[in-house]
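A short briefing on both follows.

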Amino acid sequence: MKKSTIPVKYGILIAVGLVIYFLILSLIGVQTKPVFSLGNGIIMAFGLYSAMKNYKHEKGKEFEYQKGFMAGLFTGFNATILFTMFFAVYVTNINVGFLPEMLANWSSHYHVGVGIVVFVAAIMGFATTFMLTLSFMQLFKESWNSKKNHKSYSVEA
């Protein structure tokens, strides 16, 4: 049986979309405002939905809930790992002033380093992937409702 390349292909496309969106926000100067992280969710949602839809189309009648769920998870995890690697490089090498600028918005008495911020970004990506995959699989799964092919009539007593 042929392995699907959809999780890798769409994972890369989602990561590219997230990187481009982040860089556009950086050019505008609003990358530290939390409200714009909603765009990440929209990009992830669109990419995961497209990947899972194409996976179901690729499998046709052989589509199974578990395999579709795993395809969604792998797609999102691939995207999250790639974006997290970009984010780590960006924060440590490209724009070293990003982290202090971002953390200035939060009042904290704790020392927050690059590792914690990158870890939190990864966890947010994994959580978003899990929730969106669960949600989208409700659209793609087969219904368990029985199909009635016969006409039913009400019985009068």
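Which element gives the largest share of the nonpolar patch? The answer is α1, which supplies seven residues of the patch. Keep in mind that this is a predicted model.

**The nonpolar patch**

- The patch lies on the surface and is formed by Val8, Ile12, Val16, Ile20, Ile24, Leu27, Ile28, Ile81, Leu82 and Met85.
- Together these residues have about 940 Å² of accessible area.
- Two helices, α1 and α3, each supply at least two residues of the patch.

**Met85, a member of the patch**

- Met85 is one of the residues that form the nonpolar patch, and its place is in helix α3.
- Its relative accessibility is 47%, so Met85 counts as partly exposed.
- The class follows because partly exposed covers the range between under 20% (buried) and over 50% (exposed).

**The largest pocket**

- The volume of the largest pocket is about 700 Å³.
- The pocket is lined by 29 residues, and those closest to its centre are Ser37, Asn40, Phe83, Ala121 and Met124.
- Two or more lining residues come from each of α1 (6-28), α2 (38-59), α3 (65-94), α4 (98-103) and α5 (114-140).
- The element that gives the most to this lining is α5, with seven residues.
- Sorted by class, the lining has 18 nonpolar, ten polar and one charged residues.

**Elements that occur in both topics**

- Helix α1 gives two or more residues to the pocket lining and also supplies seven residues of the nonpolar patch.
- Helix α3 likewise gives two or more residues to the lining and at least two to the patch.

Terms used:
Residues numbered from 1 in each chain as written. Predicted model: local features only at pLDDT ≥ 70, side-chain atom pairs only at ≥ 80, totals over all residues. Heavy atoms only, no water. 1 Å grid on protein atoms, 1.4 Å probe; cavity = no way out; pocket = protein on both sides within 12 Å on 5 of 7 lines; lining within 4 Å. Points joined across faces, edges and corners; volume = space filled by probe spheres on them. Helix = DSSP H or I, 4+ residues; strand = E, 2+ residues; numbered from the N terminus. Nonpolar A, V, L, I, M, F, W, Y, C, P; charged D, E, K, R; others polar. Patch = residues over 30% accessible without salt bridge, like charges linked within 9 Å, V, L, I, M, F, W, Y side chains within 5 Å. Areas by Shrake-Rupley, 256 points an atom, 1.4 Å probe, with all protein chains shown as cover. Salt bridge = Lys/Arg side-chain N within 4 Å of Asp/Glu carboxyl O. Buried < 20%, exposed > 50% of the residue type's maximum accessible area, 1.4 Å probe, protein only.
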